[in-house]
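I set aside this notebook page for one structure. The entries below record what I looked up, in the order in which I looked.

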Amino acid sequence: MGEMKEATYRVAGGYDIHVKEVGQGPAVVFIHGSGPGASGLSNFKQNVAPFVDAGYRVLLPDMIGYGASSKPGGIDYTLTLFTDTLFEALDQAGVTSAILVGNSLGGGVAVQMALDHPGFATRLVLMAPGCIEELPVYFAMPGIAKMVGDFTSPDFTVEDQRGLVSNLVYDASAITDELVAERYAVARTQPKEVLARMRTPNLAPRLGELPMPILGFWGLNDEFCPASGAQRFLDACPDARFMTFNKVGHWVQVERTQEFNRYTLEFLRG
């Protein structure tokens, strides 16, 4: 697969965005979701090698507030903040166009980036993308309500972390001790604002502005982003296809790793 490189890019506001990358070829940017302890590599580690082997340059950024990137307190975590800081880091990494692969909040970031910078995103791959409902719809979802409540309590423990990550999947046997420990280490460094002051708009009215081919995945047992969201893309976008899976939660790329990798690579080959 080659050696994974790491770099940190200083962006507007004095923030640092950390990006891991490996491979050569067209850029594929994997954009992780929100949640305590999230990072690029912990969301997508089972997806990297097949894409590198298929001839892609894989980039795994940590969004602001996550992973090894800056985690400022006392601010609103807006979709604009996530998107602009990530785009600036990608620009510094020499990425002039990319396939954007986004899960949850990362799907919303991918959509926002594609809208803000026409021509930059050549294709979108979205797994249970966020930012297509009004904010109260998300905060009423059982997975998100529990995640915010547990994380913002003063005594957030490693067992709380295990429970939260387990809520992301249908079958908790997919969750390893290593993954829990990795995410807990990050979560302990995150300010509560990362979740408590997350502010995302509803981009559903703008989905028709996305001209590029779109492939989407959704688990029917998703407790974070309602699977009915797939219909919004199918109704509005000129070139979209979505796959839904039963007995799958919020993490299709983890719970159906081989299928996700195979279908996505076929889609990218045209």
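I began with strand E7, which is mostly covered, five of its seven residues being buried. I took buried as under 20% relative accessible area, exposed as over 50% and partly exposed as in between, with a 1.4 Å probe and protein chains only. Helices (H or I, at least four residues) and strands (E, at least two) are DSSP runs, numbered from the N terminus.

I noted the conventions before going on. This is a predicted model, in which local features need pLDDT of at least 70 and side-chain atom pairs count only at pLDDT 80 or more, while totals for chains, interfaces and linings use all residues. Residues are numbered from 1 along each chain as its sequence is written, and side-chain values use heavy atoms, with hydrogens and water left out.

Entry on the sheet. I looked up the strand order and found an open sheet of eight strands, E1-E2-E4-E3-E6-E7-E9-E10, with mixed pairing; two strands pair if DSSP finds at least two bridges between them. At the edges I found strand E1 (5–11) and strand E10 (240–245), each of which pairs on one side only. The twist averages 20 degrees from one strand to the next, where axes are lines fitted to C-alpha atoms, for helices over the stretch in contact, and angles run from 0 to 180 degrees between N-to-C directions. Strand E6 (residues 98–103) and strand E7 (residues 121–127) run parallel and are joined by six bridges, and I noted that leucine 100 has leucine 124 in E7 as its bridge partner.

Entry on the helices against the sheet. Helix H3 (residues 79–92) packs on the sheet and touches E1, strand E2 (15–22), E3 and strand E4 (57–61), its direction making about 120 degrees with that of E1; contact means heavy atoms within 4.5 Å. Helix H12 (residues 257–268) also packs on the sheet, touching E3, E6, E7, strand E9 (214–219) and E10, and its direction makes about 160 degrees with that of E7.

Which residues of helix H10 (residues 229–236) are buried? I found Gly229, Ala230 and Phe233; they cover an arc of only 115 degrees around the axis, which puts them on the same side of H10. The arc is that of the directions from the helix axis to the C-beta atoms. Among the elements covering these residues are helix H4 (105–116), E7, E9 and E10. In helix H8 (residues 177–187) the buried residues are Leu179, Val180, Arg183, Tyr184, Val186 and Ala187, and their arc of only 160 degrees around the axis puts them on the same side of H8. The face turned away from that buried side carries the exposed residues Asp177 and Glu178, whereas the cover over the buried residues of H8 includes H1, helix H6 (142–152) and helix H7 (158–167).

Entry on aromatic rings. I counted 11 aromatic pairs in the structure, with rings of Phe, Tyr and Trp (its six-membered ring) pairing if their centres lie within 6.5 Å, and with planes under 30 degrees apart counted as stacked, over 60 as edge-to-face and the rest as tilted. Phenylalanine 30 and phenylalanine 44 have ring centres 5.0 Å apart and planes at 50 degrees, so the pair is tilted. Phenylalanine 30 lies in strand E3 (residues 27–31) and phenylalanine 44 in helix H1 (residues 40–44), so the pair ties together parts that are 14 residues apart in sequence. Both phenylalanine 30 and phenylalanine 44 are buried. For phenylalanine 151 and phenylalanine 156 the centres are 5.3 Å apart and the planes at 90 degrees, so this pair is edge-to-face. Ring pairs also link Phe30, Phe44 and Phe51 into a cluster.

Entry on two single residues. Is lysine 20 buried or exposed? Lysine 20, which I located in strand E2, counts as buried at 16% relative accessibility. Aspartate 239, in the loop between H10 and E10, is partly exposed with a relative accessible area of 27%. Not counting residues up to four places away in sequence, aspartate 239 touches Met212, Pro213 and Ile214; the C-alpha atoms of aspartate 239 and isoleucine 214 are separated by 6.2 Å, although these residues are 25 residues apart along the chain.
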